[in-house]
Amino acid sequence: MNELRLRSLQPLTRLLLLLTALFLAMTSTASAQIIAPDTSTARFHLGPVLIKPVLDLSNLGVDTNVFNEPDGLAKDDVTFTLTPKADIWMKAGPVWLTGNVREDLIWYQTYSSERAANLTTGAGLIVPLNRLSFSVGTSFINAKDRPGYEIDARVPRHEVQVNGAVEFQAFSRTFFGAKGSRDKVNYDDTATFLGVALAVQLDHVTTTGTATARYALTPLTSISIDAGVTQDRFDLSPLRDADSTIAGVQVSFDPSALIKGTARIGYRNFDPVVAGLPAYRGSTANVDLSYVLLGTTKFGVQVTRDVQFSYDIAQPYYLQTGVAASIAQQVYGPVDVVGGFGFYTLAYREREGFDVQFADRTDHNRTVNGGIGYHIGPDLRLGVRIEKQWRTSEDPTREFNGLRYGLAVTYGT
């Protein structure tokens with residue numbers, strides 16, 4: 001089966017995937033990020049090791065809809081989430097070693113089935129040479145959570161990703177390079193949602209390889225273009241297999257710039273391997289930017305648009321488009337107020353030959369949140385927060401609304 005799928009790829013696709021595989025193998029002994037890490041937020045120095053610890057106690061209060069159920073069925077409970085995390089850096093000569101660890105400890109008083117300890121770890125190695133830089137990294141997730149905006153059950157899964165990049169400085173401001181990644185997602189055999197075994201439908205491997213060109217507009221701002229291929233292969237559901245060609249333009253801002261983050265606008269040609277499922281040919285987006293005005297007001301905006309896989313075999317994927325914005329305002333002295341909203345649409349695509357009750361269905365997920373906080377020194381913040389989330393859909397069984405409110409304590413922001 002795998003040999004037949006490989007033969008079905010276009011020659012250019014096969015060549016790019018082969019080059020990506022060779023690149024990952026070549027750089028597997030040196031994990032790296034090409035851009036040096038921002039260590040200005042490190043709070044502890046243990047010899048050459050720099051550490052930024054954060055402890056966040058959020059949602060210490062009430063969840064009015066624990067299972068995201070329709071009106072009339074919602075169940076409430078007392079809950080909290082405790083998140084210890086840390087970023088770690090160490091420099092050995094010109095080489096940077098990086099690491100991070102995070103664990104979300106989720107507790108519910110009555111519904112113990114929703115308790116979880118979700119672990120995320122990562123490691124990388126930066127190898128900056130004269131005109132050539134390498135990077136390879138890896139990350140691991142072992143979680144019992146809601147994977148996205150579609151699946152409402154908190155289900156156990158683990159995910160392993162490896163990635164690598166190489167970049168060559170051809171001219172004073174011009175760089176050429178290549179990137180590759182492999183992401184493997186596996187759900188526990190007990191993980192189900194609406195009677196569907198998620199391991200059967202969603203266990204998959206995604207492999208991506210791209211070529212890049214970057215130009216440094218200023219010391220703090222660069223613009224890059226990329227083009228490549230992505231291959232999605234499902235372990236137990238080959239009807240879902242797909243190949244994609246991707247391209248995009250990205251603007252990146254240094255962490256010390258007035259505007260921080262990245263903004264990428266792209267194009268994707270998503271082509272299912274097995275006939276009967278419509279392709280997607282259109283725009284994609286991945287934007288995450290922030291800006292601080294006069295040192296007291298922080299704005300943030302995130303935009304996403306891309307293909308996501310669904311648990312439903314009759315509607316195997318959807319186009320997710322989302323916009324989120326936030327604002328944090330220092331009111332007076334140590335007092336601040338925060339607020340934000342998010343809007344996400346899930347536009348489903350149907351496979352031919354399946355009986356679908358709501359064809360071309362689009363679900364709408366919305367969130368609104370706000371809060372007030374008080375800073376005790378530079379590291380500790382006490383606050384109260386409220387968040388409302390709801391979903392509307394042509395399928396009434398998929399609708400819900402819920403409210404979460406309570407106290408929040410953060411150390412190390």
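Trainee: Where is Asn59 found?
Mentor: Asn59 lies in strand 2, residues 49-63, of this predicted model.

Trainee: Why is Asn59 called partly exposed?
Mentor: Its relative accessibility is 23%. Buried means under 20% and exposed over 50%, so a value in between counts as partly exposed. Asn59 also has a positive phi of about 55°, although it is not a glycine.

Trainee: What makes Leu294 count as exposed?
Mentor: Leu294 has 77% relative accessibility, and the cut-off for exposed is over 50%; therefore Leu294 counts as exposed. Its place is the loop between strand 15 (280-293) and strand 16 (297-309). Phi of Leu294 is near 55°, a positive value in a residue other than glycine.

Trainee: Why is Asp226 called buried?
Mentor: Asp226 has a relative accessible area of 12%. Buried means under 20%, so Asp226 is buried. This residue sits in strand 12 (residues 221-234).

Trainee: What makes the pair of Asp226 and Arg264 a polar contact?
Mentor: Their side chains are paired at 2.7 Å, and the distance limit for a pair of N or O atoms is 3.5 Å. Arg264 is also among the residues that Asp226 touches, including Ala211 and Gly248, not counting residues up to four places away in sequence.

Trainee: Why does Val331 count as exposed?
Mentor: Val331 has 52% relative accessibility; exposed means over 50%, so Val331 counts as exposed. Val331 belongs to strand 17 (residues 317-332). A nonpolar surface patch includes Val331, with Leu60 and Tyr332 among the other members. The patch has about 640 Å² of accessible area together.

Definitions and conventions:
Residues numbered from 1 in each chain as written. Predicted model: local features only at pLDDT ≥ 70, side-chain atom pairs only at ≥ 80, totals over all residues. Heavy atoms only, no water. Patch = residues over 30% accessible without salt bridge, like charges linked within 9 Å, V, L, I, M, F, W, Y side chains within 5 Å. Areas by Shrake-Rupley, 256 points an atom, 1.4 Å probe, with all protein chains shown as cover. Salt bridge = Lys/Arg side-chain N within 4 Å of Asp/Glu carboxyl O. Helix = DSSP H or I, 4+ residues; strand = E, 2+ residues; numbered from the N terminus. Buried < 20%, exposed > 50% of the residue type's maximum accessible area, 1.4 Å probe, protein only. Polar contact = N/O pair within 3.5 Å; in protein donor to acceptor, adjacent residues only side chain to side chain. Contact = heavy atoms within 4.5 Å.
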